[in-house]
Amino acid sequence: MAGETIGFCGLGQMGRPMAANLVAAGFSVRAWNRTRGKAPEGAQECDTPREAARGARIVVSMLADDTAVQSVTLGEGGIVGGLREGGTHVGMSTISPALSQRLHEAHKAARQHFVAAPVFGRPDAAAARKLRIVPGGDEQAVAQCKPLFDALGEGIFPMGTAPQASLAKLCGNFMIASLIESFGEGFALAEKAGIDPMRLSETLSRILFADAPLPKGYANRIAATSFEPAGFALALGLKDISLALRAAEDLRVPLPLASLIRDNLIAALAKARDKWDWGGLASTVREAAGLPARR
Ligand code: NAP
C-alpha cells in the first residue's frame, strides 16, 4: 500500500530502477547497497541490510548471486535480524533452489516469511515497470505482496514453493540461453553462405516470431553482433546455467545442451567479455566457424 515502508537491498542494474519505481508509487523506501551512493532520489539510504529491513513489513532483495543473497540475509547486520515478526523477505534475485529452501527455513525460524519472486525482463523493462514476476512461497504472504508487484511489473505468475519459483526462473533462462546458442549457430551458417544476417533476422522475425518480442530481440542482437552494453551480463548468464546444471544433477536430469552452453559462456568470458551481454554467447560459435567475434 502506498505510504507503507519497504526495505530494499541491492541497487544494481535491476534493483535501482525497481527501487525508484517503488518511490514513484508512493512507498517509503529504505534502501541499502554494498557500494554507497546508489539510492534513488526519494529513498532513504541505510548503513546495513538490517537497518533497511527494520520496522518494514516487506523487504526486497535484488542482488547478484547466492553468495550475496546469503550474506545480506543471514550474515552480520543481515535482513533476518531486522525484519519484524510476521514480515516477509521478497527475494527477487535469480538464486539456487537450495538457497531458496535455506532462506525459507531461516525466516520461518525467526517467525518471518520468505517469498522467492524472481523476475523476467531486462533493466529497461525494470525501469518501465514491465517485469514479469514469478513468486513462490506461503500463499498468504505472496498475496500480500500484490501492491509491491503491481508497482514493479505487469504480470504475476505464482509458481508453488519458494525453491520451485527459483527453479522455474532457472528453467526459463536455460531456455533463453538455448535460443541464443541456436541463433548463434544459425546466423553463423547463414553469414558464411553470404546471406545478409540483418535481412535474415528481419525475415525470420516476420515468419517465425511474429508476436514474440524476446526471440525477435535476440535474433536482431545476434545478427547485428551487437553485444554491448550488457542488459544481462555474460557472467550472470554463466551463474544461471551453472545453477540449472547443479539443480539438474541433484534431480538426476541430464541437460546436455546446458553443458555445451556453459562451456561456450566460459570460452567467451576467457576472452575478457565480462561486460558483454549474454547474447555474446554467439561470439564463441562465430569464432568456431572462422568468423570474427563481431562484424
Ligand atoms: P548487477 O547490476 O551486477 O547488480 C548486482 C547487485 O548485487 C549490486 O547491487 C551489487 O552491489 C550487489 N552485490 C554483488 N555482490 C555482492 C556481495 N557479495 N554482497 C553484497 N552485495 C553484492 O546485477 P543485476 O543485473 O541488477 O542482477 C541482479 C539479479 O537479478 C541477479 O540475480 C540477476 O541474475 C537477476 N536478473 C537480472 C536481469 C538482467 O537483465 N540484468 C534480469 C532478470 C534477473 P555493488 O553495487 O556494491 O556492486
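Analyst: In this predicted model, helix α10 spans residues 197-207, and its buried residues are Pro197, Ser201 and Ser205. Viewed down the axis of α10, these buried residues fall within an arc of 75°, so they line one face of the helix. An α-helix has 3.6 residues a turn, so residues three or four places apart point the same way. The face of α10 turned away from the buried side carries the exposed residues Arg199, Glu202, Arg206 and Ile207.

The ligand is the next topic. There are 25 residues around the ligand, and those that come nearest are Gln13, Asn33, Thr35, Lys38 and Lys239. For Thr35, a polar side-chain atom lies 2.5 Å from an oxygen atom of the ligand. Lys239 likewise places a polar side-chain atom 2.8 Å from a ligand oxygen atom. With Leu63, it is a backbone N or O atom that lies 3.0 Å from an oxygen atom of the ligand. Taken alone, the ligand exposes 910 Å², and the protein buries 85% of that area.

By class, the shell comprises eleven nonpolar, nine polar and five charged residues. Both domain 1 (5-160) and domain 2 (165-288) contribute to the shell, with at least three residues drawn from each.

Key: Residues numbered from 1 in each chain as written. Predicted model: local features only at pLDDT ≥ 70, side-chain atom pairs only at ≥ 80, totals over all residues. Heavy atoms only, no water. Near = heavy atom within 4 Å. Polar contact = N/O pair within 3.5 Å; in protein donor to acceptor, adjacent residues only side chain to side chain. Areas by Shrake-Rupley, 256 points an atom, 1.4 Å probe, with all protein chains shown as cover. Nonpolar A, V, L, I, M, F, W, Y, C, P; charged D, E, K, R; others polar. Domains from an automatic or database assignment. Buried < 20%, exposed > 50% of the residue type's maximum accessible area, 1.4 Å probe, protein only. Helix = DSSP H or I, 4+ residues; strand = E, 2+ residues; numbered from the N terminus. Arc of directions from axis to C-beta.
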